[in-house]
Amino acid sequence: MDLISEYKCFGGFHRRYRHFSETTRCNMIFAVYLPPQVLSDSRVPVLYWLSGLTCTDENFATKAGAQRYAAEHGIVLVIPDTSPRGENVPNQDAVNIGFGAGFYVNATEEPWAKNYQMYDYIVKELPDLIERHFPVTQIRSIAGHSMGGHGALQIAVKNPDRYQSVSAFAPITSPTESMWGQAAFRTYLGSDRSAWAQYDSTELLKHAERVPPMKIDQGTADEFYPGQLNPEPFAKTAEERGFDLTFEKHEGYDHSYYFVSSFIGEHIAFHAEYLFQAA
């Protein structure tokens, strides 16, 4: 790993790193916030944050104010990029396909399959790297916003043994029913909709045996709600299956990081409860 930058922040350190990923076959950048608790040789749990369309690791790091709450609770934040990038990585001039739009799937279609293996990168390679090189435990939770909320939910629903909790802001909970999701899945996964279902959180929830505790927040003034987002079917399925979901709508909030920053403290407190129960 190469250290790109380091900033002292709320008694800890926010760092950015570059490394070559064997999964995505290109250089990847991720950020880590190390709270002050790790400076005393303590190993602490990890919250992975997945960002949305067009974002990098820096959107959340600079706009959400999450480091303050991570420092209060003693949680490491890991913030990966949203897609592979580079001169030899395929891209498309579209908001929802290519750079900044990995959708946290393992692409099967060419030319995307070589690099766009974001599911395996987030679930396997990156945690292995973090747990080898940083003072963390193997106790993890996951969260995200918009496309990242989709990623966090589908990953946690499929891997309940790996994550203590999951939360999302304005997630794309049914990408197979959203224009963004349909275009991305057709590009990355082909035309067989049965292949899409393995990355659709609502479809996955219908067949899950168990899931970690979940939290979803949605702003009512979100310009993409309900069209691209539509979390109600997910919430209904969770209720019908008896799964633990806290679903709240917030009057007047939009899709931006103003919304995320308003409630990120509650999300980190939610994860802290379950991370430290498992410690």
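Strand β7 (residues 166–169) runs parallel to strand β8 and is joined to it by 4 bridges, where strands count as paired if DSSP finds at least two bridges between them, and helices (H or I, at least four residues) and strands (E, at least two) are DSSP runs numbered from the N terminus. The model is predicted, with local features requiring pLDDT of at least 70 and side-chain atom pairs counted only at pLDDT 80 or more, while totals for chains, interfaces and linings use all residues. Residues are numbered from 1 along each chain as its sequence is written, and side-chain values use heavy atoms, with hydrogens and water left out.

Of the 6 residues of β8, 6 are buried, that is, under 20% relative accessible area with a 1.4 Å probe and protein chains only. Met214, Ile216 and Gln218 point one way from this strand, and Lys215, Asp217 and Gly219 the other way.

Met214 is also among the residues with the most contacts inside the largest nonpolar core, which has 65 residues; such a core is a set of buried Ala, Val, Leu, Ile, Met, Phe, Trp, Tyr and Cys residues joined through side-chain atoms within 4.5 Å. Helix α3 (residues 118–133) gives the most to this core, with 8 residues. Apart from this core lies another, of 26 residues, including Ala31 and Ala272.

Definitions and conventions. Buried < 20%, exposed > 50% of the residue type's maximum accessible area, 1.4 Å probe, protein only.
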